Amino acid sequence: MSSHAISPGAEPKRRDLLGLIAIAGTAIGAGAIAWPLIDSMNPSADVIAAGAPIDIDLSKIAVGQQIVVLWRGAPMLIVNRTPAALKTLQEPALIKLLSDPGSTVHQQPPYAENWHRSIRPEYAVLVGICTHLGCLPAYMPAPDPSTPAPNWPGGYFCPCHGSKYDLAGRVYSGVPAPYNLPVPPYRFVDEKILRIGENPTGETFELTSVVQM
Ligand code: FES
């Protein structure tokens with residue numbers, strides 16, 4: 001089976017993030033995706049399923065690498081972006097291709113409403129569920145002959161209906177997906193540890209508050 005989470009062409013009654021998470025979780029549980037899921041630093045699966053925060057050891061993510069962890073049943077993508085990728089995110093040639101380059105639609109916490117959609121520019125933290133119908137976008141960080149578009153600058157490609165996102169999860173214009181990939185609540189415990197499920201001090205963002213609910 002491919003990485004499709006649901007049948008191409010199917011239409012949802014409404015675009016509901018919780019519904020998309022359930023679909024993605026089913027695909028993950030069935031082994032329908034090729035992502036290398038890693039265990040978070042917290043060992044208890046039932047605790048994670050209950051929605052407890054999870055910690056990620058950033059020292060295990062090489063520059064340019066993505067890891068995927070599950071939080072509340074949804075795949076969380078954490079990418080250690082290269083300096084070249086960060087430069088690309090700011091280039092006008094890319095920005096003009098995007099639907100919401102300034103993250104004006106509420107799909108992220110206030111502390112990720114910036115050009116890199118994150119707290120620290122090098123680390124992307126995204127919900128890895130296509131905002132069209134819930135497929136699982138593929139990580140394609142660099143140009144290569146199999147990339148989905150001419151002059152592909154690196155990003156995410158959804159194989160179900162061809163939606164494209166950049167390496168900040170910003171969706172391209174003219175594709176089926178309507179929104180940028182959501183950003184979950186998270187914070188840095190220290191230089192090395194990233195915690196998904198908790199906001200920085202003074203912030204109150206909830207993933208359930210995003211537009212795609
Ligand atoms: S689910 Fe349709 S493009 Fe991603």
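Predicted model: local features only at pLDDT ≥ 70, side-chain atom pairs only at ≥ 80, totals over all residues.
Strand 2 and strand 3 run antiparallel, joined by 6 bridges. Within the pairing, Val-69 of strand 2 (66–71) stands opposite Met-76 in strand 3. Strand 2 is mostly covered, with 5 of its 6 residues buried.

Let me turn to the core. In soluble globular proteins, nonpolar side chains tend to be buried together. Here, the largest nonpolar core comprises 40 residues. Met-76, Ile-78, Ala-124, Val-125 and Ile-196 are those with the most contacts inside this core. Strand 3 gives the most, with 5 residues.

Which residues does Ala-124 touch, leaving aside those up to four places away in sequence? Among them are Leu-77, Ile-78, Val-79 and Arg-81, together with Ser-118 and the run Leu-167, Ala-168 and Gly-169.

My last point concerns Pro-153, which lies in the loop between strand 5 (138–140) and strand 6. Is Pro-153 buried or exposed? Pro-153 counts as buried because it has 20 C-beta neighbours inside 10 Å, and the cut-off for burial is 20 or more. Beyond residues up to four places away in sequence, Pro-153 touches Thr-88 and Leu-94. Pro-153 and Ala-93 are 60 residues apart in sequence, yet their C-alpha atoms are 9.9 Å apart in space.

Technical notes: Residues numbered from 1 in each chain as written. Core = buried A, V, L, I, M, F, W, Y, C linked by C-beta atoms within 7 Å. Buried ≥ 20, exposed ≤ 12 C-beta atoms within 10 Å, placed from the backbone. Helix = DSSP H or I, 4+ residues; strand = E, 2+ residues; numbered from the N terminus. Contact = placed C-beta atoms within 7 Å. Pairing = 2+ DSSP bridges.
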